[in-house]
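Please look over the sequence and the model below before reading on. The text then goes from the whole chain down to a single residue.

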Amino acid sequence: SSREAVLGLIFENEFGLYDDKTELYENAVAARGIEENEYIRTLYFGILEKQNELDAYIEKYAKGRTLARISKIAKAVMRISIYEMLYIDDIPASVSINEAVELAKIYGNEKDASYVNGVLSTIAKKLEGAKNETESENA
């Protein structure tokens, strides 16, 4: 799936082997025969661009863990989901969270999956609350 492709890219980026993120992208696409699409590009480059903001959300709602103590897979999965919640309007938060939990189960373990679910659900509620406040102010 597209999300899986993005997860691979974001995960690989965690190891800091490439300074040039476009090079990482192009090499990975070629090496893994990834079917390129707009969604994968948008997500990968968007997540890199907004990584500090995404990580700030993770840190804020990390339930007592530091970023360093969160598995690379859980972090990558959460960055994708938070990016979707913030910047991609046509994906409901619930869908994004379910997908993230599934990916965490496949590539991580049950602990990762339940952790990811807890953190993302909290963030989704906060974002929903903030959105509703803004809408009532604008009404």
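The model is predicted. The protein chain contains seven helices and zero strands. Read from the N terminus, its elements follow the order α-α-α-α-α-α-α.

The dimensions come next. Along its principal axes, the C-alpha trace of the protein chain spans about 50 × 35 × 25 Å. The radius of gyration of the protein chain is 15 Å, which agrees with the value near 14 Å for a compact globule, because that is what 139 residues would give. Contacts within the protein chain can be sorted by sequence separation: of those with a separation of 6 or more, 67% are between residues 24 or more positions apart.

Burial and surface can be read together. Of the 139 residues in the protein chain, 41% count as buried. The accessible surface of the protein chain is about 7700 Å², and carbon and sulfur atoms make up 48% of this surface.

One residue deserves a separate look. Lys63 is located in the loop between helix H4 (51-60) and helix H5 (72-87). Its backbone has a positive phi of about 55°, although Lys63 is not a glycine. Is Lys63 buried or exposed? Lys63 counts as exposed because its relative accessibility is 51%, and the cut-off for exposed is over 50%.

Methods
Residues numbered from 1 in each chain as written. Predicted model: local features only at pLDDT ≥ 70, side-chain atom pairs only at ≥ 80, totals over all residues. Heavy atoms only, no water. Helix = DSSP H or I, 4+ residues; strand = E, 2+ residues; numbered from the N terminus. Rg over C-alpha atoms; globule rule 2.2 N^0.38 Å. Buried < 20%, exposed > 50% of the residue type's maximum accessible area, 1.4 Å probe, protein only. Contact = heavy atoms within 4.5 Å. Areas by Shrake-Rupley, 256 points an atom, 1.4 Å probe, with all protein chains shown as cover.
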